[in-house]
Each structure stands twice: as C-alpha cells, then as structure tokens.
Amino acid sequence: QVQLVESGGGLVQAGGSLRLSCAASGRTFSSGAMAWFRQAPGKEREFVARISGSGGTTDYTDSVKGRFTISRDNAKNTMYLQMNSLKPEDTAVYYCAADTLPFYIGTYNRPRRYDYWGQGTQVTVSS
C-alpha cells in the first residue's frame, strides 16, 4: 500500500509561481515512477508530468512544457512540481499518483494506469 499526501497549493496571480509537494510512504519510493495530474471543474482528470524512479527521465504535457518542472528527492520520499508563469487555465485540483508498471510499458498519460492517488491540492490562478 502507498500513501500520498500533496501540499503547496494556493491562490496566485497570473505569471506567478507555486511549488507542489507530494510526500509518499508505504513502499520503496525510488522504485517507481510518479506523476502529477490535474482536474478542473467539469473536466476530466488530465496528465501533467511524470518522472522515473531515479528521476532521470521526465515527460510533460505540451501545455506546461517550459513552465513546469517535475523533480523528486528519493532521500525525502518526496516529489515536487515547480510551476512558473502560471496561467488562469492552470487552475485545477492537482493530484500526485504512483505508478506500479515498468516505466516504458504502456500509455502513461491515462489516470487508470495509476494505482495510488493523493487527496489533491487546489491551485487557483487569478487573471
């Protein structure tokens, strides 16, 4: 079993920055890939970014490339999402997720791939 707890959300003006954290427990943290998803009101949950167990490989959805950076500190069992140049369309509840499949197997941007989820943290970007 894996427990995930997000933090760091809040209200920020457009152009501002936030850093989200996801603290993990319950398994060897460095053994698995992790991901961030987000869900805006009335919309489906969408993939934002993912990172391999070692932290050496990352993937991003096109809309956040160049603005968001995913990282992890395996010594602290924590994953991060640094969000810069935030836009109102980034407003959503952000969720972290833990992957149990091999990193290069399957489609990684679908929520159903991930077995463990945090409770989410709200990010609101005002215009």
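Reader: What makes Cys22 and Cys96 buried rather than exposed?

Author: Buried means under 20% relative accessible area. In this predicted model, both Cys22 and Cys96 fall in that class.

Reader: How do you know that Cys22 and Cys96 form a disulfide?

Author: The criterion is a pair of cysteine sulfur atoms within 2.5 Å. The sulfur atoms of Cys22 and Cys96 are 2.1 Å apart, so the pair meets the cut-off. A disulfide is a covalent bond between the sulfur atoms of two cysteines.

Reader: Why is the disulfide of Cys22 and Cys96 called right-handed?

Author: The torsion about its S-S bond is about 60 degrees, so the disulfide of Cys22 and Cys96 is right-handed.

Reader: Which parts of the chain does the pair link?

Author: Distant ones: Cys22 sits in strand S3 and Cys96 in strand S9, 74 residues apart.

Reader: What makes S3 and S8 a pair of strands?

Author: Two strands pair if there are at least two bridges between them. S3 and S8 have six bridges, in the antiparallel sense, so they qualify as paired. At one position Ser21 stands opposite Tyr80 in S8.

Reader: Why is S4 said to be largely enclosed by the rest of the structure?

Author: Five of the six residues of S4 are buried, so the strand is largely enclosed.

Reader: How do you know that S4 pairs with S5 and with S9?

Author: The requirement is at least two bridges. S4 and S5 have five, in the antiparallel sense, and six bridges join S4 to S9, also antiparallel. Trp36 has Ala49 in S5 as its bridge partner, while Phe37 has Tyr95 in S9.

Reader: What lies between S4 and S5 in their hairpin?

Author: Six residues, and Gly42 in the turn has a positive phi of about 75 degrees.

Reader: Which residues other than glycine have a positive phi?

Author: Asn77 and Ser85 are among them. Phi of Asn77 is near 55 degrees, and phi of Ser85 is near 50 degrees. Asn77 lies in the loop between S7 and S8, and Ser85 in the loop between S8 and S9.

Reader: Why are Asn77 and Ser85 called partly exposed, and Glu89 exposed?

Author: Buried is under 20%, exposed is over 50%, and partly exposed is in between. Asn77 has 28% relative accessibility, so it counts as partly exposed. Ser85 has a relative accessible area of 41%, so it is partly exposed as well. Glu89, with 56%, is therefore exposed. Glu89 lies in the loop between S8 and S9, and its C-alpha atom is separated by 9.0 Å from that of Thr124, which is 35 residues apart along the chain.

Reader: Why is Arg50 called buried?

Author: Its relative accessibility is 4%. The limit for buried is under 20%, so Arg50 belongs there. Arg50 is found in strand S5 (residues 46-51).

Reader: What makes the approach of Arg50 to Asp59 a polar contact?

Author: The pair must consist of N or O atoms within 3.5 Å, one able to donate a hydrogen and the other to accept it. The side chains of Arg50 and Asp59 make such a contact at 2.8 Å. A polar atom of the Arg50 side chain also lies 3.0 Å from the backbone oxygen of Phe103. Beyond four places in sequence, Arg50 touches residues including Met34, Ala35, Tyr108 and Tyr114.

Reader: What makes up the largest nonpolar core?

Author: It has 25 residues, and Trp36, Leu81, Met83 and Tyr94 have the most contacts inside it. S3, S4, S5, S7, S8, S9 and strand S11 (121-126) each supply at least two residues of this core. Apart from it lies another core, of five residues, among them Ala35, Phe37, Ala97 and Tyr114.

How values were computed. Residues are numbered from 1 along each chain as its sequence is written. This is a predicted model: local features need pLDDT of at least 70, side-chain atom pairs count only at pLDDT 80 or more; totals for chains, interfaces and linings use all residues. Side-chain values use heavy atoms; hydrogens and water are left out. Helices (H or I, at least four residues) and strands (E, at least two) are DSSP runs, numbered from the N terminus. Buried means under 20% relative accessible area, exposed over 50%, partly exposed in between (1.4 Å probe, protein chains only). Contact means heavy atoms within 4.5 Å. A nonpolar core is a set of buried Ala, Val, Leu, Ile, Met, Phe, Trp, Tyr and Cys residues joined through side-chain atoms within 4.5 Å.
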